[in-house]
Amino acid sequence: MTAAARGPLADRGIVVTRPVHQSESLAAALTAAGARPIVFPTIEILPPADPQPLASTVEQLDRFDLAIFISPNAAR
């Protein structure tokens, strides 16, 4: 079987650096494309040590013209 027949990423190792809870679907998609995913999380997403400053700001979002969240993790 040729590499092309096994998928466009056949026999390639791909490092997945997403947090553990977000790496599973990407690793599955890479596997489906023939790759060998290497799950190696480089960051861990944790709640803030003190959630009060963030909660205070969220309560006041209606005072702002624009709020920009730079990632799904930031929006959560």
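Student: Which residues does Ser23 touch, not counting residues up to four places away in sequence?

Tutor: Some ground rules: this is a predicted model, where local features need pLDDT of at least 70, side-chain atom pairs count only at pLDDT 80 or more, and totals for chains, interfaces and linings use all residues. Residues are numbered from 1 along each chain as its sequence is written, and side-chain values use heavy atoms, with hydrogens and water left out. Contact means heavy atoms within 4.5 Å. On that basis, Ser23 touches Val16, Arg18 and Val39.

Student: Is Ser23 buried or exposed?

Tutor: Ser23 sits in helix 2, residues 20-32 (helices are DSSP runs of H or I, at least four residues, and strands are runs of E, at least two, numbered from the N terminus). Buried means under 20% relative accessible area, exposed over 50%, and partly exposed in between, using a 1.4 Å probe and protein chains only. Ser23 has a relative accessible area of 5%, so the label is buried.

Student: And how exposed is Asp11, as a relative accessible area?

Tutor: Asp11 is in the loop between helix 1 (3-6) and strand 1 (13-16). Its phi is near 65°, a positive value in a residue other than glycine. Asp11 counts as partly exposed because its relative accessible area is 49%.

Student: How far apart in space are Ser23 and Pro41, C-alpha to C-alpha?

Tutor: Along the sequence, Ser23 and Pro41 are 18 residues apart. In space, their C-alpha to C-alpha distance is 8.0 Å.

Student: Which residue classes line the largest pocket, and how many of each?

Tutor: His21, Phe69 and Arg76 are among the lining residues. For the classes, Ala, Val, Leu, Ile, Met, Phe, Trp, Tyr, Cys and Pro count as nonpolar, Asp, Glu, Lys and Arg as charged, and the others, Gly among them, as polar. A pocket here is an open set of points on a 1 Å grid over the protein atoms alone, where a 1.4 Å probe fits, with protein on both sides within 12 Å along at least five of seven lines, and lining residues have an atom within 4 Å of a point. The tally is nine nonpolar, two polar and one charged.
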